[in-house]
Amino acid sequence: MGTMAVIQDFRDRCERIALPASVGSFVDSAAAKYGDKPAWQFIADGAAISYAELAACTQALARGFSDLGVSQGDRVAVMLPNIPGFPLSWLALARIGAAMVPVNTTYMPREVAYVVRDSGASVFVTTTRLYEKLREQPETAAILQDLQVVLIGDAVEGTHAWARLLERAGENEAPRAVACDDLLNIQYTSGTTGFPKGCMLTHRYWLTLSIVTAERLRHQQCNVLAAQPFYYMDPQWLLLMTMRIGGTLFVAEKASSSRFMDWVRRYDIGFCIFPEIVMKQPERQDDADNPLKAAVVFGLSPGMHSALEKRFALKAREGYGMTEVGSALITPFDIDDMVGTGTCGVTSPFRETTIRDGNGEPVKQGEAGELWVRGPGIMLGYWNKPEANAEVFRPGGWFRTGDLFRQDERGFHYLVGRLKDMIRRSGENIAAREIEAVLLEYPAIEQAAAIPVPDPVRGEEVKAVLVLRAGERFELDAFFAHCSARLAPFKVPRYVQVKQELPKTPSDRIAKHILLKEQADLRMGAYDRVEGVWR
């Protein structure tokens, strides 16, 4: 079968599959089909659950949340590390028709306060340890008093015990009227204007994504590895995909490039998202001796693609997606002739794409322009952000990705660049303006720009370029302490450079395009926080 026939066959197979009524009904159908087979196992402590137990547990937990007053349309903030409580909460809320608001466990109090306040969450699920830290901080102490707090861990006065919520066993209650297009997540993702924006994601969004990823594997049953935090979208779709193929999801406590292949071998992993950083590990004679059959990669340099496949004896395929749209571009595993070309793939099933110029007109084939995406199940919009929605949505349901692509004559897409003022570090999208807002709060700083610095391990690192107020002294330790108290660790600048002035545009904006081209090596003349040296 030729390449184009493979693509059409893949699309047809996906789009013929009927979606369940909701994620809750999907869990029940998987339980009926796979019963006592393990649905997941958490690597840190070995905690496992069968498909049947998962269905029963989430039913009981849904009743427990209902007892707290959680009902359809309510928002529940979940700030948990990679422990079973996270996916259990998500799937239980799906049964109610409520929405989960995942909260990054590395967020600083100001960031936690923003997400909880912006989402309008009425319940907050976390661990005792995280709760104790948050209630000591003025930014979050008052907010927590206005929420119903559910704790996993030791009991604290004025909160609800997670274990008690799970005790609501008994007869199944009448099915709730949860529809496929009801809200399931408010997934916060960094935008270009300061704090993250909440993407409103429906049951259809997640179910569609599970179909596309499972059909990519032709529904071959295998063990799957999730080494990313559950508050990101990847482990969530990996779980639903695993359930669709009847596999077992093995969940790591946190990412580790040195232990990654050991996990693959120990747990007989057949599919995963393969981190490029694993290629930086010293080569071993048994690298190719592993059970991996297929892996997804994102942003892999073309020259490394063939090397990865050869070294680890697997099929690795690129794709392109974002929280707002799910899978937009995909390369089926059955296509072998595009390895090393740098393509992100063709338009995903259930999606339409077009490449437009600055005026919104389609570009000629081969020319670069902004990728627009539409289709059933993309986000409903940004929560409480009408101005942002007006900026990214266009008539006809088109969503502007802000990323520049070109398309070849066969429909394969190639990422050219970004319109967004973003820094992408280790898969994290970081809004430059959010960092700049924190930099400008530091008393000695007059002007500030956050820019990306290419990095072989992280992809990009954050650099702060500063102009000081007249007569002010700049103390590195105090500056980094200021940033660390207000930003998650992955957002704190690695490099800091102090200049007399910053280049400006005619409208008096900082001309970052000039900053990025002023020197061949953007590390030079800057202090490196990690190495502790001036370069």
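At what angle do helix α4 and helix α10 pack? The angle is about 70°, and the axes of α4 (residues 85-96) and α10 (residues 233-245) lie 12 Å apart. That makes α4 roughly perpendicular to α10, a label for angles of 65 to 115 degrees; under 35 degrees counts as roughly parallel, over 145 as roughly antiparallel, and the rest as oblique. Axes are lines fitted to C-alpha atoms, for helices over the stretch in contact, and angles run from 0 to 180 degrees between N-to-C directions. On the α4 side, P87, W90 and L91 take part; they meet Q236, L239 and L240 of α10. Contact means heavy atoms within 4.5 Å.

This is a predicted model, in which local features need pLDDT of at least 70, side-chain atom pairs count only at pLDDT 80 or more, and totals for chains, interfaces and linings use all residues. Residues are numbered from 1 along each chain as its sequence is written, and side-chain values use heavy atoms, with hydrogens and water left out.

**The sheet**

Helices (H or I, at least four residues) and strands (E, at least two) are DSSP runs, numbered from the N terminus. Nine strands form an open sheet with mixed pairing, in the order β2-β1-β11-β10-β12-β13-β14-β15-β16. Two strands pair if DSSP finds at least two bridges between them. Strand β10 (residues 223-226) and strand β11 (residues 248-251) are joined by 4 bridges in the parallel sense. A226 has V251, in β11, as its bridge partner.

Helix α9 (residues 203-216) touches β13 (294-297), β14 (315-322) and β15 (326-330), and its direction makes about 35° with that of β15. Helix α12 (residues 302-312) touches β13 and β14; its direction makes about 130° with that of β14.

**Salt bridges**

Side chains of opposite charge can pair when their charged atoms come close. A salt bridge here is a side-chain nitrogen of Lys or Arg within 4 Å of a carboxyl oxygen of Asp or Glu. The count comes to 34 salt bridges. The table gives three of them.

| Pair | N to O distance |
|---|---|
| R11 and E15 | 3.4 Å |
| E531 and R494 | 4.0 Å |
| D521 and R523 | 2.9 Å |

R11 and E15 both sit in helix α1 (residues 3-16), 4 residues apart, about one turn of the helix. E531 and R494 link distant parts of the chain, 37 residues apart. E531 is in the loop between β27 (527-528) and β28 (533-534), and R494 is in the loop between α15 (476-486) and β26 (495-498).

Buried means under 20% relative accessible area, exposed over 50%, and partly exposed in between (1.4 Å probe, protein chains only). R494 is buried at 10%, whereas E531 is partly exposed at 48%. E15 is partly exposed at 38%. D521 is partly exposed at 25%, and R523 is partly exposed at 29%. Salt bridges that share partners join R425, D455, E461, R494, D528, E531 and R535 into one network.

**Cysteines**

How many disulfides does the structure hold? It holds 0; a disulfide is a pair of cysteine sulfur atoms within 2.5 Å. The cysteine sulfur closest to that of C222 is in C272, 9.8 Å away, which is too far for a bond. C272 is buried, with a relative accessible area of 0%.
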